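This report covers strand pairing and model confidence for the chain shown here. Please keep the sequence and the structure in view while reading.

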Amino acid sequence: SVIAVPDSPGPRDFVLEQNYPNPFNPRTTIGYSLARRSLVRLAVYDAVGRRVATLLEGVEDEGSHAVVWDAREAPSGTYFYELSVDGRTAIRKTTVLK
């Protein structure tokens, strides 16, 4: 389920997709697309808001992208992954089942 999405009424600068598979163990793929070259950060947080992983941080070209999260070290539970693009964010929820 979507927690927050870009709030611009115009065209979307980016799209954060639901990870697949979900729930998962131990790896999942997180897809996103960018309308233009952008500064991007993709991070994962636990249910109390602690960052448990930074999957990507840097400049990415426009187009579709995918990042794999290997959660072998993460306990079972609910997590949130956040995509920040040029200061705007989108968040989605995922579940690790072990």
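## Pairing of S4 with S7

In this predicted model, Val40 stands opposite Val85, a residue of strand S7. The strands concerned are S4, which covers residues 38-46, and S7, which covers residues 77-85. Their pairing is antiparallel and runs over seven bridges.

## Pairing of S7 with S8

S7 also pairs with S8, the strand formed by residues 88-96. This pairing is antiparallel too, with nine bridges. Thr78 has Thr95 of S8 as its bridge partner, and Glu82 stands opposite Ile91 in S8.

Which residue in the turn between S7 and S8 has a positive phi? The two strands form a hairpin with two residues between them, and Asp86 in that turn has a phi of about 50 degrees.

## Confidence

The average pLDDT of the chain is 90, and 89% of the residues score at least 70. Over residues 1-10, however, the pLDDT is below 50. Beyond near neighbours in sequence, the model gives this stretch 19 contacts.

Notes. Residues are numbered from 1 along each chain as its sequence is written. This is a predicted model: local features need pLDDT of at least 70, side-chain atom pairs count only at pLDDT 80 or more; totals for chains, interfaces and linings use all residues. Side-chain values use heavy atoms; hydrogens and water are left out. Two strands pair if DSSP finds at least two bridges between them. Helices (H or I, at least four residues) and strands (E, at least two) are DSSP runs, numbered from the N terminus. pLDDT is the predictor's confidence in each residue, from 0 to 100. Contact means heavy atoms within 4.5 Å.
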